[in-house]
Amino acid sequence: MNIYRLAVLNDNYVFVLHDPATDTAAVVDPAISEPVLAKLDQLNAELVAIFNTHHHGDHVGGNSALIKQFPKAIVYGGEKDRDRIPHQQFFLRGGDRVSFGGREAEVFFVPGHTYAHIAYYFAPTGDQSDGQGGELFCGDTLFAGGCGRLFEGTPAQMMASLDQLRQLPDDTRVWCAHEYTVSNLKFALTVDQDNPDLQERMVTAQAMRQRGEATVPTTIGLEKRTNPFMRWDTAAVQRSAGIDIPDRVFARIRGQKDNF
Ligand code: ZN
Ligand code: FE
């Protein structure tokens, strides 16, 4: 499975998954359809699946036009997004499995940004010769250096969602749906300023952006070391929040970020 990252709108990423063995493709969170159709054309691939993480327009805006071109493609989304995702046919719960390109993805229920949000995790294949690593498509839940805003969820829900993602192997690649990294890291440095990994990450991320490069994908390991929203149980983040009760720490820093 090859993954192509398309930068669309202001700062969205859409991911096209391609299985060269069968000339099929899937797309994660098509904000718009045109660049996806152009990529499918270039790959000469048939779209067989749309994997939506949540109902927001910048994640499902391309569904209808894609289904028009590929009426047989199946649209997946969260069970609780029933009626909010155009053309949704599969209503997924945490623990469900979906497949594409000879691989299986596990569905994680990750409410917080919205009450219905899900993520898709393709576990590593573990093959000796052409083994492929773990890939997480997490929409607006976990971002590089940050996390999604809480539009329909509580801090405790988002923290539990991120805690599930924290359990994944460190080398899991994290394909989040926006390029927010530098501004997230600016905030992160206000809560975890003495973290040398975070300081170094900011330098690297700024240089990448100056070269016009994407900072996505990130990895679970890097997020655990540098993202304050994955570090509610560290002494440094607790000290800066002024509390040592993990849920309250998380709520406090999420609130600070909203007003940053
Ligand atoms: Zn969203
Ligand atoms: Fe979004």
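**Exercise 1. Find the contacts of Gln88 in this predicted model, and decide whether Gln88 is buried or exposed.**

Step 1. Leaving out residues up to four places away in sequence, Gln88 touches Val75, Gly77, Gly78, Asp81 and Arg82, where contact means heavy atoms within 4.5 Å.

Step 2. Now place Gln88 in the fold: the residue sits in the loop between strand 5 (74-78) and strand 6 (90-92). Helices (H or I, at least four residues) and strands (E, at least two) are DSSP runs, numbered from the N terminus.

Step 3. Gln88 counts as buried because its relative accessibility is 11%; buried means under 20% relative accessible area, exposed over 50%, and partly exposed in between (1.4 Å probe, protein chains only).

A word on conventions before we go on. Residues are numbered from 1 along each chain as its sequence is written, while chains are lettered from A and ligands numbered from 1 in the order in which they are written. Because the model is predicted, local features need pLDDT of at least 70 and side-chain atom pairs count only at pLDDT 80 or more, whereas totals for chains, interfaces and linings use all residues; side-chain values use heavy atoms, with hydrogens and water left out.

**Exercise 2. Work out which residues coordinate the zinc ion (ligand 1), and describe the geometry of its site.**

Step 1. List the donors, which are N, O and S atoms within 2.8 Å of the metal (3.2 Å for Na, K and Ca); water is not among the atoms, so sites may look incomplete. For the zinc ion (ligand 1) they come from His54 (NE2), His56 (ND1), His113 (NE2) and Asp140 (OD), at 2.2 to 2.3 Å.

Step 2. Read their spacing in sequence, which is H-x1-H-x56-H-x26-D. Distant parts of the chain are linked here: His56 lies in the loop between strand 4 (46-51) and helix 2 (57-60), and Asp140, 84 residues apart from it, in the loop between strand 10 (135-139) and strand 11 (142-143).

Step 3. Check the angles. They run from 87 to 174 degrees among the four donor atoms, and the site is irregular. For reference, four donors count as tetrahedral if all angles lie between 85 and 135 degrees; four count as square planar and six as octahedral if opposite donors are over 155 degrees apart and all others between 65 and 115; anything else is irregular.

**Exercise 3. Repeat the analysis for the iron ion (ligand 2), and say which residue bridges the two metals.**

Step 1. The protein donors are Asp58 (OD), His59 (NE2), Asp140 (OD) and His178 (NE2), lying 2.1 to 2.4 Å from the iron ion (ligand 2).

Step 2. This site is irregular as well, with angles of 83 to 167 degrees among its four donor atoms.

Step 3. The donor residues follow the spacing D-H-x80-D-x37-H. Within that pattern, His178 belongs to the loop between strand 13 (173-176) and helix 5 (181-191), 38 residues apart from Asp140.

Step 4. The bridge is Asp140, and the two ions it joins lie 3.2 Å apart. Asp140 counts as buried because its relative accessibility is 4%, and His178 is buried too, with a relative accessible area of 3%.

**Exercise 4. How many residues of strand 9 (residues 118-122) are buried, and which strands pair with it?**

Step 1. Five of its five residues are buried. Ile118, Tyr120 and Phe122 point one way from strand 9, and Ala119 and Tyr121 the other way.

Step 2. Strand 8 (residues 103-109) pairs with strand 9 in the antiparallel sense over five bridges, and Phe109 has Ile118 as its bridge partner.

Step 3. Strand 9 and strand 10 are also antiparallel, over three bridges, with Leu136 as the partner of Tyr121.

Methods. Two strands pair if DSSP finds at least two bridges between them.
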